[in-house]
Amino acid sequence: MKFIQCERRHYDTMFAFYRRVTEHLQNTVNYPEWSEKHPSADDLNGAISRGELYACLDKDELVGGVVLSEDPEGDYTLGRWKQQLDPGEFVTIHLLAVDPALLGRGIGDYIVDRCILTAEEKGYRAIRLDAVPSNYPAISLYEKKGFTYAGKGDLRSDVVNVPEFSMFELNFSER
């Protein structure tokens, strides 16, 4: 597998991929509470322009995607973080998605491993993230990868169905 940083030329493919994942979630169990509005075209365009959107490829076929961003997209002051870090010292994982036809094949594991490696290579001190509390597959994956629970809170985001998110962190000083 390969993990590549997306460029403008990847936009159409990535947008179609996220639409397909969202449609699958809405027709099955929508653990992350994604909708037609999230992730949006603006979300993906912005992530590409900032160099934050990554694609996971298997034999040049798109099998997953993720955003690694310094913007937590919510009020992360609510987290019970093990170490106080300033903005720019940590990166957040957003929009982790795997092709629904390929679930259970280790793609999510690979993507998280690559996020960790990328964050370490770029000099971040930690990765932080938030998850819908009932998103058991994602939470299980993050815990398996060494992320620890850092509390729950209203991140003042625009997700109507989720009043509070669970927060997790992986501190590189503890590895």
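Let's start at a turn: Lys59 takes a positive phi near 50 degrees in the hairpin of β2 and β3, which has two residues between the strands. This is a predicted model, where local features need pLDDT of at least 70, side-chain atom pairs count only at pLDDT 80 or more, and totals for chains, interfaces and linings use all residues. Residues are numbered from 1 along each chain as its sequence is written, and side-chain values use heavy atoms, with hydrogens and water left out.

**Strands**
- β2 (residues 53–58) runs antiparallel to β3, joined by six bridges; strands are DSSP E runs of at least two residues, helices H or I runs of at least four, numbered from the N terminus, and pairing takes at least two DSSP bridges.
- Leu57 has Leu62 in β3 as its bridge partner.
- Strand β3 (residues 61–69) has eight of its nine residues buried, so the rest of the structure largely encloses it; buried means under 20% relative accessible area with a 1.4 Å probe, protein chains only.

**Largest pocket**
- Its lining counts 46 residues, with Pro32, Trp34, Leu95, Leu96 and Asn135 nearest the centre.
- β4 is the top contributor to that lining, giving six residues.

**Asn135**
- Asn135 sits in the loop between β5 and α4 and counts as buried because its relative accessibility is 10%.
- Leaving out residues up to four places away in sequence, Asn135 touches Tyr31 and Pro32, where contact means heavy atoms within 4.5 Å.

**Pocket terms**
- On a 1 Å grid over the protein atoms alone, a pocket is an open set of points where a 1.4 Å probe fits, with protein on both sides within 12 Å along at least five of seven lines, and lining residues have an atom within 4 Å of a point.

Note on methods
Buried means under 20% relative accessible area, exposed over 50%, partly exposed in between (1.4 Å probe, protein chains only).
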